[in-house]
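Here are some exercises to work through with the structure open beside you. Try each task yourself before reading its solution.

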Amino acid sequence: MTLVIIFIFVCITGVLIIPFLNVKLKGIAALAAIVINTVISGYFAVQGLTGPEISWVMPGSMITGPIPIRIDALSGWFLMMVNFIFITGGWYGLFYMNGYKYQSKKISLHAIAFIILHSSLVSLLAVQNSIVFLVAWELMMFSAFICVIFEHEKEATLKAGINYLIQSHICVVMLITGFLWVSFKTGSYDFRAITTFSMTQTGPGALFLFMLFFIGFAIKAGFVPFHTWLPHAHPAAPAHISGIMSGVLIKTGIYGILRMLLLIKADFTTIGYIILTFSVISGLYGVMLAIVQHDLKKLLAYHSVENIGIIGLGIGIGCIGLGTGNQVIASLGFAGALLHTLNHALFKSLLFYTSGMVYQAAHTINIEQLGGLIKKMPHTAFLFLIAAIAISGIPPFNGFISEFTIYTGLYQWLQSASLNSLIFILLLVLGLVLIGGLAMLCFTKAFGIVFLGNARKDFHHEVKEGPFLQFVPLYLIALFMVCIGLFPQMFLSLLMKPVGLLTGNRGDVLVPATANTFSALSSISLAVCGMLVVALTVFFIRKWAMRKRLVPAGPTWGCGYVAPTARLQYTAGSFVRSYVKLNKSILLFEKKEKEVTGLFPAESHYESHAYDKFEKWLVDKPVAAVKSFLKHFLFLQNGSLQSYILYGVLFIIGVIFIPMVFDALYLFIDFLKRL
Amino acid sequence: MLSVILILSAALFFTGVINRTKSILTGRKGPGVLQPVKDIIRLFKKGVVYSTTTSFIFQAAPTIYFSSVIMAMLVVPFGQSKGLISFQGDFIFFAYVLALGKFFSIISAMDTGSSFEGMGASREALYSMFAEPAFFILMGSMALLTGQTSFQEIFADLHLGSPISYALAMLAAFVVGMVMMIENSRMPIDDPKTHLELTMIHEVMILDNSGFDLGLILSAGLIKFAIYGALIVNLFIGMFPYEYTIPMFFAIQVMAAVITGGIESFMARFRMSHNAQFIFALTSVSLLIFFGVLMLLGKFI
């Protein structure tokens with residue numbers, strides 16, 4: 001109880017103090033506030049994750065009613081993740097913001113928004129009262145919006161931020177509808193009311209309620225087709241904010257879906273199929289679009305859509321397991337989903353942080369203009385490479401472990417499925433495999449073009465690595481990833497409680513239920529360690545064999561051509577050209593080119609842009625239609641104060657008189673009836 | 001352990017047999033069966049030339065590629081005896097560990113800054129992506145048929161089922177064989193003996209590798225061939241006693257090599273632009289196996 005008050009107090013003090021500090025201290029104060037709050041919330045999170053659920057009730061106010069705070073294993077898992085990413089992000093951000101140190105006011109606002117973002121995230125993971133939850137949700141969105149539009153003098157940034165704000169509010173509308181529906185029926189804002197409500201529903205009521213919440217949270221999480229805000233907002237934000245948004249902010253959507261699965265008692269099989277369908281489409285579509293992006297951060301943003309799809313696959317499999325009463329499938333699915341949530345938070349934030357490093361050094365993240373950075377920025381390149389391998393789901397890193405768990409879930413489900421679901425599983429396997437392969441195509445492109453080869457453009461400034469301290473949090477994340485990759489059993493035993501909660505097994509039933517997978521995981525850990533040993537052995541043998549031999553250096557073999565320039569290298573566009581040709585029908589790819597003609601060709605050019613078909617048809621076209629309809633009412637907004645006052649008066653009259661007229665009408669009809 | 005020894009010994013002659021078949025069919029005298037191994041031993045004794053454009057990626061990649069193939073080899077079982085590493089879902093590990101090697105060979109090609117090698121890298125990334133679903137659906141159908149999820153148990157149970165399962169094994173052998181061609185950049189997809197860099201896939205990616213590193217890459221190629229050959233063998237031998245299965249192993253490996261050589265002697269490489277479709281079409285053969293399994297299990301009514 002006192003800790004909660006300290007938590008709020010730290011947040012408020014931070015917010016109040018920051019404007020009065022000098023630029024350097026602002027960031028440190030923000031980080032300090034977050035560290036203190038992390039310690040407090042981490043204390044509860046560890047308890048929730050290892051022991052029984054912690055719960056107590058705050059008195060609350062007249063509007064909200066009592067505010068129950070419950071931290072169970074699920075909240076605990078997400079709390080730990082949020083805290084870890086926020087600390088690394090805050091630390092990294094201290095250095096990232098160095099380039100903007102003369103914009104003191106903007107930094108104050110940013111630091112304040114950053115603290116509020118953390119506090120609101122932590123509180124929405126802990127409270128179980130719908131009104132307080134919505135307030136925290138709104139705070140989170142708004143502070144994230146302020147963080148995103150840090151460079152608000154750029155029009156594109158502001159536009160992306162507003163796009164995010166609007167789409168997030170569509171999500172809020174969904175959530176409010178859901179929560180209000182429940183509270184009108186039960187008269188309580190406590191989350192437990194949702195359970196009692198869904199138990200009393202016969203027919204598709206509970207399913208409909210779940211869908212309301214699902215769509216709401218899916219907008220936040222970035223499931224296709226609700227993802228269109230994501231590829232705009234992530235590139236616009238500063239790198240540490242992009243990392244945090246992609247790492248933990250969109251995961252609140254996943255948390256929401258999992259929380260609702262715990263609360264709503266509906267037909268889990270149907271829910272499972274719905275989630276799986278959304279997920280596999282998200283996964284494939286996300287990575288397919290990621291491949292054709294030339295903006296490094298936009299590429300990563302589309303990859304978040306893909307990874308949300310993979311997490312969704314895990315959740316869907318878990319639901320199917322719940323629906324069919326198969327504990328093994330359910331545990332595997334949920335374990336895969338939760339582990340991938342953590343894994344994605346780690347490698348995606350690392351990727352965003354390293355791309356921020358690239359931006360700091362080169363002042364651009366347009367892939368086509370970069371190249372050969374590995375020689376100037378070896379640490380950044382190394383970290384990016386680790387994260388790229390991990391995100392492609394390749395051992396020995398963490399991405400493989402969660403994808404492996406999800407695969408095992410799928411193959412387990414295969415053994416006990418009926419004909420229709422067998423074909424569905426087949427599609428899912430196909431989807432997951434293609435996602436993996438496409439991710440590899442995408443990240444070999446991103447890493448190869450940005451870091452390898454020769455520089456494609458001469459920069460007028462020096463391109464160099466950031467300070468050592470900036471790398472500390474990045475290496476910390478990388479270390480964590482390697483640990484999960486090498487010793488997955490340790491992390492899976494931590495996962496036991498939240499998975500048990502989701503599968504409805506409060507005890508430690510997970511152990512016997514998935515003993516097979518657990519032994520598989522320890523063998524994987526052996527296999528992966530073995531791989532390291534083999535690689536190191538080969539490496540040392542090679543080193544020993546080469547110790548006395550000549551290792552001359554020469555130019556790259558140009559097939560006889562002796563004067564190759566950096567512009568002869570393969571570009572990102574050419575690397576994925578055959579892929580684009582194959583998928584012309586799905587992608588929206590525009591090319592502008594002027595062909596080279598004649599013996600003495602004049603200047604020519606080539607330009608290509610990729611756009612999102614879902615965005616075109618679901619956002620752009622309807623918005624354009626609404627705009628062209630509303631254009632007819634433009635005369636109302638004429639800029640004269642008198643008419644605006646008139647509108648206000650008309651509105652008030654309307655509010656007062658329409659019910660009166662309605663009452664009169666009602667009386668009149670009553671009168672007629674009596675006649 | 002047995003599988004490792006067998007695969008390594010098959011690797012010694014596999015490529016040699018292919019070359020020998022080709023030379024006989026085209027009426028040349030041709031090199032001996034062990035020539036590829038001798039070439040590799042010679043390479044291992046040489047120094048290395050590195051391009052000034054390259055970084056540590058280029059130097060580390062051959063090592064990692066080689067170790068990934070070795071790890072994949074350790075997973076493959078032989079009849080009754082398990083691979084050195086065997087667990088539930090080990091075929092997923094098999095495919096993904098090979099992907100690690102591929103990832104590194106692709107980025108090491110890009111590390112040279114050569115447009116030719118970039119081209120090879122792009123093709124390799126695309127084609128290997130399309131080949132993967134066929135393998136996973138194949139293993140999925142086998143898992144469904146046998147109710148097991150590890151290589152050794154799947155292959156053992158396949159043998160215990162009805163004789164019709166051997167018909168499926170034939171189809172599966174075709175799929176694995178084609179995946180072998182794609183993974184090793186062989187004929188219908190890629191021509192190892194082509195003379196123009198523009199038409200290569202794998203060969204162009206390793207243009208800049210030399211000496212010890214090239215030796216690692218080439219020996220990994222030999223082992224990879226034998227690994228896929230061993231998978232094909234496993235589809236048929238089941239739980240037979242060793243005195244039959246070991247000769248069968250070598251017979252099937254030699255047969256696979258001879259067929260590969262035959263294909264290469266009589267066929268031309270596909271057009272590069274049709275490769276992707278062709279590889280993805282393999283998935284439909286896998287689907288055929290899947291539906292075959294459904295029929296066997298009586299799920300189709």
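The exercises below go from the chain interface to salt bridges, a helix and some backbone details.

This is a predicted model, in which local features need pLDDT of at least 70, side-chain atom pairs count only at pLDDT 80 or more, and totals for chains, interfaces and linings use all residues. Residues are numbered from 1 along each chain as its sequence is written, chains are lettered from A and ligands numbered from 1 in the order in which they are written, and side-chain values use heavy atoms, with hydrogens and water left out.

**Exercise 1. Describe the interface of chain A and chain B.**

Step 1: begin with contacts, meaning heavy atoms within 4.5 Å. On that rule, 73 residues of chain A touch 79 residues of chain B.

Step 2: turn to buried area, the accessible area (1.4 Å probe) that two parts lose on being put together, summed over both. For chain A and chain B this comes to about 6400 Å², with 76% of it on carbon and sulfur atoms.

Step 3: look for polar contacts. These are pairs of N or O atoms within 3.5 Å; within protein, one must be able to donate a hydrogen and the other to accept it, and residues adjacent in sequence count only if both atoms are side-chain atoms. Across this interface, 19 residue pairs are in polar contact, both residues being at pLDDT 80 or more.

Step 4: see which elements of chain A take part. Helices (H or I, at least four residues) and strands (E, at least two) are DSSP runs, numbered from the N terminus. Among the elements giving two or more residues to the side of chain A that touches chain B are α16 (378-391), α18 (419-451) and α22 (515-545) of chain A. The most comes from α18(A), with 18 residues.

Step 5: find the strands. β3(A) pairs with strand β1 (residues 50-51) of chain B in the parallel sense over 2 bridges; pairing requires that DSSP finds at least two bridges between the strands. Here Gly554(A) stands opposite Ser51(B) in β1(B).

**Exercise 2. Find the salt bridges and place their partners.**

Step 1: set the rule. A salt bridge is a side-chain nitrogen of Lys or Arg within 4 Å of a carboxyl oxygen of Asp or Glu. The structure holds 14 of them over all chains.

Step 2: take a pair inside chain A. Arg259(A) and Asp72(A) form a salt bridge, their closest N and O atoms being 2.9 Å apart. Arg259(A) lies in helix α11 (residues 251-263) and Asp72(A) in the loop between β2 (65-71) and α3 (73-96) of chain A, so the pair ties together parts that are 187 residues apart in sequence. Buried means under 20% relative accessible area, exposed over 50%, and partly exposed in between (1.4 Å probe, protein chains only). Arg259(A) is buried at 4%, and Asp72(A) is buried at 5%.

Step 3: cross between the chains. The count between chain A and chain B is 1 salt bridge. Arg542(A) pairs with Asp213(B), with the closest N and O atoms 2.7 Å apart. Arg542(A) counts as buried at 7% relative accessibility, as does Asp213(B) at 0%.

Step 4: look for a network. Salt bridges link Lys102(B), Glu132(B), Glu183(B) and Lys224(B).

**Exercise 3. Locate the backbone details.**

Step 1: find the cis peptide bonds. One joins Val224(A) and Pro225(A), with omega about 5°, and Pro225(A) sits in the loop between α8 (205-221) and α9 (230-236) of chain A. Another runs from Pro395(A) to Pro396(A), with omega near 10°; Pro396(A) is in the loop between α16 and α17 of chain A.

Step 2: check phi. Ser185(B) has phi near 55°, a positive value in a residue other than glycine. Ser185(B) lies in the loop between α7 and α8 of chain B and is buried, at 2% relative accessibility.

Step 3: visit a contact of Ser185(B). Leaving aside neighbours within four places in sequence, His202(B) is in contact with Tyr65(B), Ser185(B), Asp190(B) and Ile217(B). His202(B) is itself buried, at 16%.
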